Amino acid sequence: MQFDIRRFDIYRKIPKDLTQPTKTGATISIICILFILFLMFSEFVGFILPEVQSQLFVHNSEKKSSDDGRIPVTLDVSVFKIKCKYLGLDIQDDLGRHEVGLIDNAIKTDINNDEGCRMKVTFKVNKVPGNFHISTHGSAEQPEDPNMSHKINDLTFGEHVAHLNSIPDSSFASLNGNEQQSIEKIASHDYIMKIVPTIYENLQGKQVYPYQFTYAHREYVPYAHGGFRVPPTIWFRYDLNPITVKYTEKRKPFYTFLTTICAIVGGAFTVSGIIDSMIFTASEVFKKHQMGKLG
């Protein structure tokens, strides 16, 4: 007996003259194909775009955030009612650092018809509790009517990575766009911040070291010993959290993508075939009922 490989064919073909096309079947087929294309495109996008996974652990990143082990800071603040010539940046921390009127790497731009000032400055802070603040302390001449109403255009700790803000439940730019109008002209503003070290690792294994932070704000009128009022200030007080958050980009294995595509195609055709069969059977029964052929 001659061997015939066709006996292993599990996809037996039915002659076209034994099949019956219907409008309902065509409609279901078109909907099924469109549905499959939509799901396949969604899966392809999910496969191309990496998934970001997070984990928490205690990590000593003493020499990772920058070459000298300090944290880079970018601050962009608009003070609406104090001229640029009066404003400066002061930095203090628990290691004894105390700088007044820092102007290195600072760009000042007049706003509000030269009545206000936008100040952009980059600097570094030690990894110990401390503060930096916008004030008039370093100016030889003080404004007559100081008012620290302001808007924080940008405050970033660590390395800047633009797309990190899109990570759900992240706080890389918590204060960006925050605006405060002083209830009293001589009021100071105090931002108490908790900084969270963060590691972001991309698909290529490259790591960057940004920082997230949370904050609380209060407004108050400061007094010195003896009841004397002191010039208003915008304080940023910070402390570091011992817990580090790590984000890692992961991509689904290619075999997972292929398995999902096969499941989509097979499942969609199977379900649509069942629906078409049910509709066809119901229509045939209805036709027989109308013709009185149902016994």
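A: Here's a walk through the cysteines, starting with a quick note on the model. It's a predicted model, where local features need pLDDT of at least 70 and side-chain atom pairs count only at pLDDT 80 or more, while totals for chains, interfaces and linings use all residues. Residues are numbered from 1 along each chain as its sequence is written, and side-chain values use heavy atoms, with hydrogens and water left out.

Search the whole structure and you find one disulfide (a pair of cysteine sulfur atoms within 2.5 Å). The partners are cysteine 84 and cysteine 117, with their sulfur atoms 2.2 Å apart. The pair ties together distant parts of the chain, 33 residues apart: cysteine 84 is in the loop between β2 (71–79) and β3 (88–93), and cysteine 117 is in strand β6 (residues 116–125). Those strands (E, at least two residues) are DSSP runs, numbered from the N terminus. The torsion about the S-S bond of cysteine 84 and cysteine 117 is about 100°, so this disulfide is right-handed.

Both cysteine 84 and cysteine 117 are buried. Buried means under 20% relative accessible area, exposed means over 50%, and partly exposed is in between (1.4 Å probe, protein chains only).

Now for cysteine 32, which is in no disulfide. Its nearest cysteine sulfur belongs to cysteine 262, 15 Å away, and that's too far for a bond. Cysteine 32 has 5% relative accessibility, so it counts as buried. Cysteine 262, at 57% relative accessibility, counts as exposed.

Conventions:
Helix = DSSP H or I, 4+ residues; strand = E, 2+ residues; numbered from the N terminus.
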